[in-house]
Amino acid sequence: MTSRRRFLTSLLAASALPRPVWADAGAPAYLAAARAPDGSFALFGLSAEGQAVFRAPLPGRGHAAAAHPVAPEAVAFARRPGTFALVIDCASGRVLHRLQSPEGRHFYGHGAFLEGGEVLCTTENDIATGKGRIGVWSRAEGYARIGEIASGGIGPHELRPLDARTLVVANGGIRTDPARGREKLNLDTMRPNLAYVDLDHGSQELVELEPDLHRNSIRHLGVGPEGDVAFAMQWQGDAMAGVPLLGLHRRGASPRLLSADLAEQITMQGYAGSVAFDGAGERVAITSPRGGRLHVFDQNGFAESVLRPDICGVAPASEGFLATDGLGGVMAAGVDGLVTLSRHDSAWDNHLVVIG
């Protein structure tokens, strides 16, 4: 029988062993899901220059992923209304855990780590009621589900951490039911919002748009270095209406909505796919795969439009932005416009996730 002293010694020895970090997975800077030419799906790690440093197969179409802040672990989420999420060891390619949404729920394709990576939060749909929920999972307990809280609205899509216990959540406002496909069930009554949610105390602040914009579904988020939040929207009305698709918010204030000039705004076709602050936190970009455009805004408002077919993923880079398209391209967007860094035979899905 192992003595108590020997047991404690083994624990101390184990704690002294070097723990895996992202460098062990090739030091990727970003995560992105993609579809291969043969129809298979995978999660990629990309370098800052857009080169693939690892590839992990997925059982179906992925949407986005959550990157652990230290360990080379990523949680890859199925596209809505998927019910699986895979915890992947990105250094070995092994699937460590497979998360299943509770009965009567589905995931929305996004998740985020809190508490230094010990807690994973997932956006979910309670199908019977239509209410949004945030699932809470413990990494230390093998990603066991340990609770859930209300998202503050209907159709929670992306969520981002603001501090160790606080999330900002994009509640898109659209009710769906997998039994009816991707049909939108409440367009006349939808009320999207931006919710600030504390794991201990629930919703702390809700930000809604003006009534005439109640069909502007808030979907994706970017967080600046000072905690400012950028949110991208998808208009559920006439695509030629030219409504704002980008909002900025700071807690306790009113949201600020930004648009390009009307002709340029209309070309976005009412659809912003992704949003990000640049590396310096001074500019914000949104993409439209439908309009084939990347719009950049600075402190003075609309700054420039960059054309690229099927562009969608966008993330901060050391100088400007990194972007991906559905044709396999990875581009740098900065003072020199859009510069292709690499091309891949896989078609990138909607999002780029920053590691670290």
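**Exercise 1. Decide whether Cys90 is buried or exposed.**

Solution. Start with the classes: buried means under 20% relative accessible area, exposed over 50%, and partly exposed in between, with a 1.4 Å probe and protein chains only. Cys90 has a relative accessibility of 4%, so Cys90 counts as buried. The same cut-off applies to Cys312, which counts as buried because its relative accessibility is 5%.

The model is predicted: local features need pLDDT of at least 70, side-chain atom pairs count only at pLDDT 80 or more, and totals for chains, interfaces and linings use all residues. Residues are numbered from 1 along each chain as its sequence is written, and side-chain values use heavy atoms, with hydrogens and water left out.

**Exercise 2. State how many disulfides the structure holds, and where the nearest cysteine sulfur to Cys90 lies.**

Solution. A disulfide is a covalent bond between the sulfur atoms of two cysteines. The criterion here is a pair of cysteine sulfur atoms within 2.5 Å. The structure holds zero disulfides. For Cys90, the nearest cysteine sulfur belongs to Cys121 and is 19 Å away.

**Exercise 3. Give the strand order of the open sheet that contains β12, and name its edge strands.**

Solution. Strands (E, at least two residues) are DSSP runs numbered from the N terminus, and two strands pair if DSSP finds at least two bridges between them. The order is β12-β13-β14-β15, four strands with antiparallel pairing. At the edges are β12 (156-161) and β15 (202-208), each pairing on one side only. On average, neighbouring strands of this sheet are turned by 20 degrees against each other, direction ignored; the axes are lines fitted to C-alpha atoms, and angles run from 0 to 180 degrees between N-to-C directions.

Next, take one pair. β12 and β13 (residues 166-171) run antiparallel and are joined by four bridges. Pro161 has Leu167 in β13 as its bridge partner.

**Exercise 4. Work out why one side of β20 and of β23 is left without a neighbour in the sheet.**

Solution. First, the order of this open sheet of four strands is β20-β21-β22-β23, with antiparallel pairing. β20 (275-277) and β23 (301-307) stand at the edges with a single partner strand each, so one side of each has no neighbour in the sheet.

Then go through the pairs. Five bridges join β21 (residues 284-288) to β22 (residues 293-298) in antiparallel fashion, with Ala285 opposite Val296 in β22. β22 and β23 pair over six bridges, again antiparallel, and Arg293 has Leu307 in β23 as bridge partner. Two residues lie between β22 and β23, which form a hairpin.
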